[in-house]
Amino acid sequence: MNILLFGPPGAGKGTQSALLVEKNGFAHISTGDILRSAIKNQTALGLKAKEVIDKGELVSDEIVIGLVDEAITNLKNKSFILDGFPRTVIQSERLDEMLTKMDKKIDKSIFLDVETDFLIKRLSGRRVCKSCGASFHIEANPTQSEGVCDKCGGETYQRADDEADSIAKRLDVYEKSTAPLKDYYQAQGSLVKISGLGSMDEVYGRINEVLKA
Ligand code: AMP
């Protein structure tokens, strides 16, 4: 089974993907993670993408479509979660074409629904580990020692795109470019909407029910 997790920035896609990888054995394809790793390694792609990402805008469809094509091809037949891709209707259409050629499909398109006020609180308080990528929150899930990752001892930081101006831009871009995917997947019959509010485990429980259904 292959699934797509989508929703506004801060809905919890990355957190839930990590749980689904750990507990259900999915492979995880996150275009945001691939791009951040390219930035960290200062590759040509990373240098090109950094400015766009820091401003809260979208990287071009062509670039992310190429990244996802390569990632799915490398997985061979393992079940996967797509996290943060697609983010535009063009990306959804190209994904469908790509999967049809590979004789694969998305079984469930899970939309994580969270109200804007909560999103802003989650994003502005988020801190991420530079080394292992683990995610914390200054109020809801703080590290035991400030600035130090509980999982690996690495340094935690605030993503440039989690600063106030970029958050506003990302929410705006989400409404214009990504929210229309709900209609796209509704029309295809794969859309499942679930609430992204509550604890990590509560949301994971809801997703698991969807997977079992
Ligand atoms: P994320 O970690 O999913 O929030 O992604 C961080 C940033 O990477 C986004 O704000 C975009 O600038 C860029 N990005 C990630 N996925 C995509 C995508 N599918 N299309 C365009 N840009 C993307």
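## The chain as a whole

Please keep in mind that this is a predicted model. The chain has nine helices and eight strands. Its radius of gyration is 16 Å, close to the 17 Å that the globule rule gives for 213 residues, so the chain is as compact as a globular protein of that length. If you are setting up a view, the C-alpha atoms fill a box of roughly 45 × 40 × 30 Å along the principal axes.

How much of the chain is buried? Of its 213 residues, 45% are buried. The accessible surface comes to about 11100 Å², and carbon and sulfur atoms account for 49% of that. Contacts also reach across the sequence: among those between residues at least 6 apart, 70% join residues at least 24 apart.

## Around the ligand

Let us turn to the ligand. It is surrounded by 16 residues, and the closest are Thr31, Arg36, Glu57, Gly84 and Gln91. By type, the shell divides into six nonpolar, four polar and six charged residues. Which element gives the most to this shell? That is helix H2, spanning residues 31-40, with four residues.

A ligand nitrogen is 3.0 Å from an N or O atom in the side chain of Arg87. A nitrogen of the ligand is also 3.1 Å from a polar backbone atom of Val59.

## A look at Thr31

Thr31 is among the residues closest to the ligand, and it belongs to helix H2. Is Thr31 buried or exposed? Its relative accessible area is 3%, which is under the 20% cut-off, so Thr31 counts as buried.

Beyond its neighbours within four places in sequence, Thr31 is in contact with Val64, Val68, Asp83, Gly84 and Phe85. One of these partners, Gly84, is also listed with the residues closest to the ligand.

## Backbone details to check

Pro86 itself sits in the loop between strand S3 (80-83) and helix H5 (89-101).

Where do positive phi values turn up outside glycine? One is at Gln42, with phi near 50°. Gln42 lies in the loop between H2 and helix H3 (44-54). Its relative accessible area is 61%, over the 50% cut-off, so Gln42 is exposed. Asp103 is another such residue, with phi near 60°. This residue is placed in the loop between H5 and strand S4 (108-113). With a relative accessible area of 72%, Asp103 is exposed too.

Technical notes. Residues numbered from 1 in each chain as written. Predicted model: local features only at pLDDT ≥ 70, side-chain atom pairs only at ≥ 80, totals over all residues. Heavy atoms only, no water. Near = heavy atom within 4 Å. Polar contact = N/O pair within 3.5 Å; in protein donor to acceptor, adjacent residues only side chain to side chain. Helix = DSSP H or I, 4+ residues; strand = E, 2+ residues; numbered from the N terminus. Nonpolar A, V, L, I, M, F, W, Y, C, P; charged D, E, K, R; others polar. Rg over C-alpha atoms; globule rule 2.2 N^0.38 Å. Buried < 20%, exposed > 50% of the residue type's maximum accessible area, 1.4 Å probe, protein only. Contact = heavy atoms within 4.5 Å. Areas by Shrake-Rupley, 256 points an atom, 1.4 Å probe, with all protein chains shown as cover.
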